[in-house]
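Subject: Structure handover and notes

Hello,

Here is the structure to go with your sequence. Please open it alongside this message, as the notes below follow it residue by residue.

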Amino acid sequence: MNYQELVQQLFDKAPDLTEFENTITGEAVYKDQQFAVLGVVNGAFLDNSMSQHLAKFVLAKINDNPKVNFLILVDTAGQQVTRHAEMIGLNRYFAHLIKTLHFARANGAKVFGLVYGKALGGAFIATALNAEKIYALESAQIAVMWLEAMSRVTKIPLEKLQALSKTSAIFSPGAENFVKLGAVEAILAPEKIMPQIIEDLN
């Protein structure tokens, strides 16, 4: 599902969203509740300029209304893995985005996350993982790292990791395992997401 189809199902009317370098920012309404919507879309890698763009949006919104409701939509393949991104301090750009989300929450904003596609590695950590509650669609693919990559980094044989993943959610990619770990609140159908978020607000 692409984000255009998703937001049509989530909100009462078409939200006012702007796409910039595979990020979205804008406004949406559900049951007379206003939401500031942001996210990484199209399965893109999150890079420096995208992170900065999202952080500016968060700061602008809390400057207008400290108690704004944020919804972060996520479909990302992870952090940008280029030499240029790392050399100019990708980790610091991510840290800045994380700080803006924590600043928003500290000032009374409510932050929710929705993973509708992929959510991998640092890009997931820098976005929806900072929400008070995260929800996922059944189509969501969530992982800190795929088992193949984990095997390369840890030097643990892939077969052993695959065996461990059958009994331990810590080693297991997948939204259902992140529910078991307590990182994701629940896996819901699109039509149930906003009613649940409204309930959380109340």
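Is Asn69 buried or exposed? Asn69 is buried, because its relative accessible area is 8%; buried means under 20% relative accessible area, exposed means over 50%, and partly exposed is in between, with a 1.4 Å probe and protein chains only.

Some ground rules before the rest. This is a predicted model, in which local features need pLDDT of at least 70 and side-chain atom pairs count only at pLDDT 80 or more, while totals for chains, interfaces and linings use all residues. Residues are numbered from 1 along each chain as its sequence is written, and side-chain values use heavy atoms, with hydrogens and water left out.

Strand 4

Asn69 belongs to strand 4, which spans residues 69-79. Helices (H or I, at least four residues) and strands (E, at least two) are DSSP runs, numbered from the N terminus. A polar atom of the Asn69 side chain is 3.3 Å from the backbone oxygen of Gln34. That is a polar contact, meaning a pair of N or O atoms within 3.5 Å; within protein, one must be able to donate a hydrogen and the other to accept it, and residues adjacent in sequence count only if both atoms are side-chain atoms. Not counting residues up to four places away in sequence, Asn69 touches Gln33, Gln34, Phe35, Ala36, Lys110 and Leu201, where contact means heavy atoms within 4.5 Å.

Val74 is also in strand 4. Val74 counts as buried because its relative accessibility is 0%. Leaving aside neighbours within four places in sequence, its contacts include Val40, Leu114, Tyr116, Thr127 and Ala128. Ala60 is 14 residues from Val74 along the chain, and their C-alpha atoms are separated by 20 Å.

Thr127, one of those contacts of Val74, sits in the loop between helix 5 (121-126) and strand 6 (133-136). Thr127 is buried, with a relative accessible area of 3%. Its side chain reaches the backbone oxygen of Ala123 at 2.7 Å. Apart from residues up to four places away in sequence, Thr127 touches Val40, Leu46, Ile72, Val74, Leu97 and Leu101.

The largest pocket

The largest pocket holds about 210 Å³ of space. A pocket here is an open set of points on a 1 Å grid over the protein atoms alone, where a 1.4 Å probe fits, with protein on both sides within 12 Å along at least five of seven lines; lining residues have an atom within 4 Å of a point. Grid points are joined across faces, edges and corners, and the volume is the space filled by probe spheres set on the points. The pocket is lined by 11 residues, of which Ala77, Gln79, Leu120, Gly121 and Val144 are the closest to its centre. Strand 4 gives the most to this lining, with three residues. By class, the lining has eight nonpolar, three polar and no charged residues. Ala, Val, Leu, Ile, Met, Phe, Trp, Tyr, Cys and Pro count as nonpolar, Asp, Glu, Lys and Arg as charged, and the others, Gly among them, as polar.

Helix 1 covers residues 3-10, and Tyr3, Leu6, Val7 and Leu10 are buried in it. These buried residues fall within an arc of 95 degrees seen down the axis, so they line one face of the helix; the arc is that of the directions from the helix axis to the C-beta atoms. Strand 4 and helix 9 (190-201) are among the elements covering them. Asn2 caps the N-terminal end of helix 1, with a side-chain oxygen 3.2 Å from the backbone nitrogen of Gln4. Gln4 itself counts as partly exposed, at 38% relative accessibility.

In helix 6 (residues 147-154), the buried residues are Leu147, Met150 and Ser151. They are on the same side of helix 6 because they cover an arc of only 100 degrees around the axis. Helix 7 (158-165) is part of what covers them. Arg152 and Val153 are exposed, on the face turned away from the buried side. Lys155 follows helix 6 and has a positive phi, near 70 degrees.

Regards
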